[in-house]
Amino acid sequence: MVGHEKFMLDRWGVQLDKGVNIFIVCSLSGGTGSGMVLDIAYNLRDWVPPADLPQSSAYLVLPGAFAGLGDRVIANAYSALMELNHYSRNDTRFETQYSPNPSDRISSQSSQDVPFNFCYLVGNSNDKVTFPSLNSVLEMVSQNIFLDFSSGFSQYKKLVRDNIRKHWASPDSKGYPQNFISFGLSSIQFPVERVLNACALRLGGQLITWWSNPTPTPAAMRDVIKTEILPNLRLAESENEHQLLNSISLGDNMKPYSKEVADWVAGLRKRRNDLNIPFENLQRFISVEQDKYKSHFYDSDTDPRRWSDYFQKMWDNLNQLIPQKRQELRQVVYKIIEDRFRGPKFARHFLEVLLDIFTEYRSQFDQDRQKNWLPKEHSATNTLQVLLKQIDDHAKQLIYALNRKNLIDEDFRGITHAFESLYISKVEVKARTLAVHLLDSLKEEIERLLVDLAALERNCEILKARFLDQEQAYIGETGVLTVNGILIYHSKDVDQIYNKTIAEKQENICQAISQQILGELGTKLFDLYTFDNLRLKDLFERILNRSLDEFVGNGKIQISTARKFLEEYPTVEQQEAQIKTIFEKSEPFLRFSQEQARLGWEDRAEKRQTIVGIQGGNKPTDPAVSLILPMIRKTSTLTDKDIRPLGDSHHIYFVQEIGAFPLRLIEGMDRMRTVYRSVSQSDKNPLHTHQDYRQFHDHMPATQAEVQAKQNLILAEIFGLVVEEENLITKYSEIRFHYQDKLTGLKKIQVLGNDWQEAEEYLVSDHNRRVREILEDVLQNVGQQAVTKAEKQGLYQKLMAHLKELEKTLAGGKDNANYRKQEVAIEGYVKTYSLFIPAETISASAQKSAELPKTSPANSRTSEDLNSNLEKFTKLVETCYRRGNPAENQVQMLEHFRQKYGISQANSDQIIAKFSCGHSQQQALYEYGLMYRAFLESNTEIDFEQQTQLLELQEELGLTNKQVSTMEANIQEELGLTEARSKDAK
């Protein structure tokens, strides 16, 4: 646009400001826009020097316009918004290397900036309107961009967003950047551009018709050709005129050879008289002259270059005439096509008739040669032979002495006449033979001209159909355009404007357009037959643009949308209702989440701006605008400062903008995040533009469920429920969750990821809600099992021990963010299950127990509980050490039950030392009996899972079925279960 400011203002009413305005429009739902938009933004900052005052504005379309295209488009958009949010912060840099060349990267200064000066986020709906397609969204965006340059109005339009920009300098209360805007635009409009384009297309179609020039052809075309066109081409043939044959038989002295023959015969007579040749020498004289002259008529060789001079000259004439006459004939057709009284239709008729005439000429020449001139040549040859002998006889024999002179003179006249007839016949035969070649070549040219003419007619039909089709499309489609507001249009508007502008001047206008277009192309009208599709497209655009000049800026076209609006809606009630609806439709095409707003966002009136553009603003010169302004004020919250002059009588614009908000505020963002997480888990194709995608933090605050899931992962790691283990197949480490299935009792493993970060991402995804709930249930069971104070204290100490170890290992100790995160998780768990027991409570309880008499029932009960706990713990130790040294998680579980049963560390070590060696047969029976007794004591029936464990233990200890049966019977008897089962059986 630089350097064309005046043209843009005069032609389109567009006011170009100083500096370079950059607009980037794309959707965030596909791979192209979402993947390139940030690279484009930062590269543009590098490409346009600061001296050019660049200002970039982005219009990013959200996935609402792509409903029904699947989850991937939503995931693409969310990932793009994460990256946009990341680089919109003040503490990030856009760093990338496009090639090994060190200079092929974003400069340091540009990389520190935010991507855009103004970043608009646009959906496809507000509370009043839902656009049916992406095109409707883009139409609104394009109108908004155009208003940034609208003469007179643009300064007020830009002031709107400048007022909003003042409020996004700092992040919101949650620390999220809020340098984003949205807008809505509605209008009352008369589609003047489309109407003028329809008029221009109609004029373009009329120009093609004007070129086609369907003038009626004359009925006497043959007479026109023979009496006018062919004589001008020097190709006329008649009984009295032989232009074509003479052109071929023309000699060096520009005289036909037939006249050359007559001159030679006349010269022969004169020399005889001058020399007064005796009678007896006359035959010799004639023979010598004949021998000299007949050398001009040799043509027996197949190569014309070896012909005699006369015939060779005629051959040269033919070779010269063929291209010359073909070109002249083509030029005649060019002139006929451009002749307003003739035209292409006349040209076609002319060529078709001329083809017939030349066919007739050819037939006539063949017939004349065969039936006229060849017989004359033979007759003259015979006559000459007779006369030559006869003149010699008359000269030498005495019997003719008395009348010799008269006889010889008569013979000489006969001989000269025979000479003339002979050689003229040769010339005429050759002329007609060669003329056939010329006619064949001209007929070939006519056939080619007819083909070219057909191509011209076809191209004209293509252009005419294209103009007509597009005109009808503009007329028809304009009436059904999706406009956010009111489109005031009737198809008759095109007819009225066309007739008012063109009126009776169509002939002169078409002539002027034709001369300009063909002059610019440097071509003739007939040359359009050579145009291929690409050149036809260019010609179409040239004609359309030139035709548009007849309408754009034409003073006769004065259309007031305000007046047409009042005519369309005649009552005040209708007018006010329509204006109120249109104003409401201009609300920003972005809804806000009230839940997110309540989390903290300063909703100030200054962040919402409204402006109306109407011809004349508050001081209109159009009476219709004066009638509409009070309705605008009445049906909206607008004041005079919001109503600004628009240098356009065809539109009334309503624009509302809202800005200085974080991305989290956009309604539906929580669902987008859910889809994003689901797709990122299931689809291997990357969603982000960087491999290190974890640098792009979520622009949505975590929900309580997500916070809990992350804390549960921390607790599960502490309790050994989630561990990092090596996959024996891949040899890579995995984060695994070990749990027991409630339905089958089977121990299962769920892989959460390759590292702890992936495990966290796995759990927060709604796609993996079932695993998250299982983990939460397991942790809940662990907390609920801590019933006694000792159990609670043991669990609490384990958590505190983890924190102490974490403080030692993390850099910065308690000041490390990871420490604080885990501390919060532990703190919540402790509070939930009341694991913390004050020290004085424990001491008081212990002291009170010590002071009780040994004989008291309570003391006796405490002793029994301790013995029972020792027995249970002993059984667990035996089970744990029966296969040798236990696994780490088993040791942890022993420690858990030691604390639960209140077993001292010394007693625990003693019991473990007792069972850490190998087992004898007696010990094996004792170990089996302990497990069997424990199962029966907890439940008088052995369930499926317990029976499975008993069978596995039997095989490991090497016990026989008989030994096991005896052992089980003894234990049942000891517990009194045998008698009870007998009674049940009875």
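The conversation below turns to salt bridges and then to a pair of helices.

Q: What kind of model is this, and how are residues numbered?
A: This is a predicted model, in which local features need pLDDT of at least 70, side-chain atom pairs count only at pLDDT 80 or more, and totals for chains, interfaces and linings use all residues. Residues are numbered from 1 along each chain as its sequence is written, and side-chain values use heavy atoms, with hydrogens and water left out.

Q: How many salt bridges are there?
A: The count comes to 64 salt bridges, where a salt bridge is a side-chain nitrogen of Lys or Arg within 4 Å of a carboxyl oxygen of Asp or Glu.

Q: Why can such side chains pair?
A: Side chains of opposite charge can pair when their charged atoms come close.

Q: Which residue does lysine 292 pair with?
A: Lysine 292 forms a salt bridge with glutamate 289, and their closest N and O atoms are 3.4 Å apart. Both belong to helix α11 (residues 279-293), and because they are three residues apart there, about one helical turn separates them. Helices (H or I, at least four residues) are DSSP runs, numbered from the N terminus.

Q: Is lysine 292 buried or exposed?
A: Lysine 292 is exposed, at 53% relative accessible area, whereas glutamate 289 is buried, at 8%. Buried means under 20% relative accessible area, exposed over 50%, and partly exposed in between (1.4 Å probe, protein chains only).

Q: What about glutamate 895, which residue is its partner?
A: Glutamate 895 forms a salt bridge with arginine 898, with the closest N and O atoms 2.7 Å apart. The two residues lie in helix α30 (residues 888-901), three residues apart, or about one turn. Glutamate 895 is partly exposed at 29%, while arginine 898 is buried at 12%.

Q: Which residues are joined into one network?
A: Salt bridges that share partners link Arg326, Arg330, Glu444, Glu445, Arg448 and Asp452 into one network.

Q: Changing topic, at what angle do α23 and α27 cross?
A: The axes of helix α23 (residues 704-718) and helix α27 (residues 817-832) cross at roughly 85° and come within 9 Å. Axes are lines fitted to C-alpha atoms, for helices over the stretch in contact, and angles run from 0 to 180 degrees between N-to-C directions. Helix α23 is therefore roughly perpendicular to α27 (65 to 115 degrees).

Q: Which residues of α23 make the contact?
A: Gln711, Ile714, Leu715 and Ile718 of α23 make the contact, and the α27 side includes Lys821, Val824 and Tyr829. Contact means heavy atoms within 4.5 Å.

Key:
Parallel < 35°, antiparallel > 145°, perpendicular 65-115°, else oblique.
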